[in-house]
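Please read the following briefing alongside the sequence and the three-dimensional structure.

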Amino acid sequence: MKKLKKYLSYAFRVPMFIVLLFIVIVYGLPALGKDAKVDEYAIVTAIGLDKGTGDEVDVSLLTFVPVAQQNFAEKYKVVKASGSSVLEAIDYAGLYLGREVGLNHVKTVVINEEYFNENASVEMDYLTRNKNLALSTSVICTDAKASDFLETVQKMDTESSIKVDDIIDFNNKFIYSTESTFESFYKGLYSKTKSSLVSFISLSEDIDEGVTVSASGEASGGSGDTATNSGEESQKTILNDGKSILCKEASKVALLDNTDMQKLNLAKGSFDSGTLVIDNFTDEVFHNARLTFDIQNINIKRKAQFVNGVPVVNMSIKLYVKLLEAKEEDLEIKENIDIKNISKEAINALENKVKSSIKDAIDILREYKCDILKVYTLLNNSHPNATKDFIKSLDDEQDFLNHVIFKVSPQIYSV
Amino acid sequence: MKDKTMNIWQAGICVFIIIFANKILLLPSLLYSIANIEGMWTYLISFIFEIGLITLFIFVKRKYRDTSFAELIRKKLGVITLKIFYILLCLFFFCKLILIYNVTYIFFKDLIYQDSGSFLFIICLLPIINYLAYSSSRVLGRTAQLFFPIILIVLIFCTVTSLISVNDMPLFFQSSFSNVMLAFIKHISSFGDTIFLFVFMDKIEYKKGDGKKLYFFAGLAILFVLLIEIAFYFSYTYTSFMHPYAIFETMGNIKDYGGLGRIDAVAVILVIILTYFQMSIYLKSFTISFKEIFPKLSINYALIFFDFLFLIVVYLFIRNLERTVLYAESVLPYFSLISFVLVPITCIVFLILKRKREDK
């Protein structure tokens, strides 16, 4: 007892101990009696935006209410609400749920194409101002109603555990390299040429393509729930075929398909993997074959120079590829394919393919006056004065890409 | 309480800590909104002034080794000048404290504790900074020395991971020199904090060649601040103005976390530690200045006066980001005349007087 008294008297002589004790008494003890924060919130993982009646906006929230249970299943529900603004609609959705709407876990925002076309930056204003929503949140545009899209996503998750944000991430990292987030959208919008790309995913009734799920209201397994209870059996497909919307000043100017996107990404050199296909190829080994090469690595160096006041962009591309598939009638493998991978003829054909792909990509950008390749930044950062003079000399500043000469020199390496 | 001295290493660590004040959260986005990417030049210009202040301190300290700055002013310029000078210094440190508190409070409130009030922050901050200000300079220096390895490790981690994730190229040469200077003038108050060295002058042990150590720590801090700025501007490019909390945002830009989860939480640790020490150094400087104005009053009165004033100002005037920025851009720059004009001129006068006496 004496020892305890001695320790206590020593402890109370330390001011920080008194502060700590004060904080524990004032904040710690009352906190024990409070409800857990998670009980006050409905967790939203995806938001859908559609044009409502008149000036209204329809908001759909892919939501689950956290409930303590022994398994990891979360019961999702699509909640819809309308309002004169996104904030108002989300508040109404909160009334329906009887909980505060928590946006901290939102990974995807789905916007109906028609709604997006009107003025995306204005409609997304609330979502970018909201501090709970990260600017790295994925943005997807769809031709269907965003609410239908989310219902399909919810069913997809229930039936196959495929999540739409995984699809977008995979799309971004490995296949079509379209970073489609609030951040990338605004980076493009606030750049000199006000151009950006937004992923486009269709919702199709055609069940032969894409990831097909049933939206009948009867989950085939797991503990998922659905908001659609139409009774009629309908099947919808999420069709991620690599399309992207090309935006200029936050409005759609073109819908690019996957072949366009592959060409653009080759010019950007910003993907981790991809393929190059040459048709009707003939050399010592192959005859009229279709060869598919896997791109293992790509390294693009761009240099800008001005020749007599005309900007020239030299693109030196190093492409590391591996032949992974050859299609030819009566194909006979006569050589060790691990040792002799690609012939000189194939390399020439690949170089031509790369050149034509990049030319096509530049033509697309020239047509829509969208500088996705950041050519302006390259010119301006290397020759600021010459760039200013060059831009001044143009009738339409936004059309500068049509006056830039591109020189592409690809080098293909077999790995 | 007898105020024991701190050694040059501890003083260097305090310089290192204080150079980060206000510069790695709000400032980069504010500078970008005025001068685009050229906002980085503002840092370089301001750091030249900061290094100039440290150089002046080293010269004055070399010439007047065991004398306090207050004593020098009293002897050379008189008591009234001393009182006016230290009233201005008190105001300067108080205003900087308010700014640091508000920026950090809003940062935590926005990003972590949205439901909490100012009271929780005051309870967590005030007692500790009061204690460090009440203790001797040696206690402050030693505590800073104890935490310095943690600060350094976290800072290296934050800087390296931020720089690795850089994957964009901003647009240069879009802003004129006048915009850079406008940004410099508007945000000059975020710099010049090293004048705390003059207030601590007699409390720092100084031997021949110690100046290099101060330069080393200042240079290291400047290097880290610039690297964080580069990582921030090269990560967010055109949207830099949309991200108010630079170091936190650069960590948030890292795409592939692996299994680490919210890696940006590491930056929060750094902000917490730096805030405690920055506020403590300011408060300690405030109390020393207060003591020079009222030599007969003990340090307790300085702390009570500060706490009372602090609570009033925090509750009545500044509680959101908009008002904080307005305060930092329109009120505080006037106080920077103290660090960038008044103190240097006074030092130059002292040095000239000493030179004249030596010549005689």
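Predicted model: local features only at pLDDT ≥ 70, side-chain atom pairs only at ≥ 80, totals over all residues.

**Sheet of chain A**

- Four strands of chain A form an open sheet with mixed pairing in the order β11-β12-β13-β14, where strands are DSSP runs of E with at least two residues, helices are runs of H or I with at least four, and both are numbered from the N terminus; two strands pair if DSSP finds at least two bridges between them.
- The edge strands, each pairing on one side only, are β11 (274-281) and β14 (405-414) of chain A, and neighbouring strands of this sheet are turned by 35° against each other on average, direction ignored.
- Strands β12 (residues 289-307) and β13 (residues 310-327) of chain A run antiparallel and are joined by 17 bridges; among the bridge partners are Lys301(A) with Ser316(A) and Ile300(A) with Ile317(A).
- β12(A) and β13(A) form a hairpin with two residues between them, and Asn308(A) in the turn has a positive phi of about 50°.
- β13(A) and β14(A), by contrast, run parallel and are joined by ten bridges.

**Contact between the chains**

- In the contact between the chains, 17 residues of chain A meet 13 residues of chain B, a contact being counted if the C-beta atoms of two residues, placed from the backbone, lie within 7 Å.
- On the side of chain A that touches chain B, the elements giving two or more residues are α2 (15-33), α8 (182-189) and α11 (375-382) of chain A, and α2(A) gives the most, with five residues.
- That side of chain A divides into eight nonpolar, four polar and five charged residues, with Ala, Val, Leu, Ile, Met, Phe, Trp, Tyr, Cys and Pro counted as nonpolar, Asp, Glu, Lys and Arg as charged, and the others, Gly among them, as polar.

**Helices of chain B**

- Chain B has 15 helices and zero strands, and its C-alpha atoms fill a box of roughly 65 × 45 × 35 Å, taken along the principal axes.
- Helix α5 (residues 79-111) and helix α15 (residues 332-359) of chain B pack at an angle of about 130°, with their axes 10 Å apart; axes are lines fitted to C-alpha atoms, for helices over the stretch in contact, and angles run from 0 to 180 degrees between N-to-C directions.
- α5(B) and α15(B) are therefore oblique to each other, since angles under 35 degrees count as roughly parallel, over 145 as roughly antiparallel, 65 to 115 as roughly perpendicular and the rest as oblique.
- The contact of α5(B) with α15(B) includes Phe92(B) of α5(B) and Phe335(B) of α15(B), and by class it has ten nonpolar, one polar and no charged residues.
- The axes of helix α7 (residues 137-164) and helix α12 (residues 265-293) of chain B come within 10 Å and cross at roughly 155°, which makes α7(B) roughly antiparallel to α12(B).
- The contact of α7(B) with α12(B) divides into 16 nonpolar, two polar and one charged residues.

Definitions and conventions: Residues numbered from 1 in each chain as written. Chains lettered and ligands numbered in written order.
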